[in-house]
Amino acid sequence: MCDALQLPIVDLSSPDRFSTANSIRQACIDHGFFYLVNHGVDEELVNEVFEQSSKFFSLPIEEKMKVIIKNYNGYSPLFAGKLDTTLSTKGDSKEGFYVSQLAGDLNQWPLEEDLPSWRSTIETYYQLLSAGTKLLSLIALSLKLDEDFFEKVGAFNEPLAVYYIIQVDSSNEEIYGASAHSDFGMLTLLVTNGVPGLQICREKSEQPQVWEDVPSKSGAFIVNIGDMMERWTNCLFRWHSS
């Protein structure tokens, strides 16, 4: 049985940047996760992303396989990966779609005749990078660095957006949508549509491990630090398994 976890809330619109930076610092030390509110990404746009994503994942598998993932861009089928390689399951019960930076021609897009609003919606949704830029400047402050430190070192040169849907089959096998893992990057901004499932383990080395549910919060991103940020801060900011 899992306990519900109450994460700290960070307001990106707060005029007191140093107080906000201190709140982020404490959240990253204690949890590695927090809610981000007033981030500037329109809720109607977020809802449209969910709607368009639902339409894509509802396409016949033959259509989705036309944009099968290449160079970390495109469609990732059900059971294509297993984040926790210690499991005996056949793979994670999820489908995904990966989008990298909008410039260049690496991205793969479904035909417009099949999904006329998919590409434009996803490209518009990339405004969340603005929220990420603001957040990283506050994280830099929380580490006693210049606000533009991460921007200067190229933190946003190759951002990656992932859209995925969890599928549950009817077998008796224990199902993991995305099995226990840590994110390899620097920072993750996650939005859900209220469907439960996200959990974190704050003490990875303890046995038995205690997993806590992370409730969805309307209008908020769930932010977690990744392996890279943990390494850069010499484990001051600790990543916890999810």
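Is Val153 buried, exposed or partly exposed, and what is its relative accessible area? In this predicted model, local features need pLDDT of at least 70 and side-chain atom pairs count only at pLDDT 80 or more, while totals for chains, interfaces and linings use all residues. Residues are numbered from 1 along each chain as its sequence is written, and side-chain values use heavy atoms, with hydrogens and water left out.

**View 1. Surroundings of Val153 in a nonpolar surface patch.** Val153 is partly exposed, at a relative accessible area of 48%, where buried means under 20%, exposed over 50% and partly exposed in between (1.4 Å probe, protein chains only). Together with Phe149, Met228 and Trp232, Val153 makes a nonpolar patch of about 370 Å²; such patches join nonpolar side chains (Val, Leu, Ile, Met, Phe, Trp, Tyr) within 5 Å, from residues with over 30% relative accessible area and no salt bridge, and accessible areas come from the Shrake-Rupley method with a 1.4 Å probe.

**View 2. The salt bridge between Glu147 and Arg17.** Glu147 is partly exposed at 38%, and Arg17 is partly exposed at 30%.

**View 3. A salt-bridge network of Asp146, Asp148 and Lys152.** Lys152, exposed with a relative accessible area of 56%, meets Asp146 at 4.0 Å, N to O, and Asp148 with the closest N and O atoms 3.7 Å apart. Asp148 is partly exposed, at 35% relative accessibility.

Key: Patches are made of residues with over 30% relative accessible area and no salt bridge: like charges are joined within 9 Å, nonpolar side chains (Val, Leu, Ile, Met, Phe, Trp, Tyr) within 5 Å. A salt bridge is a side-chain nitrogen of Lys or Arg within 4 Å of a carboxyl oxygen of Asp or Glu.
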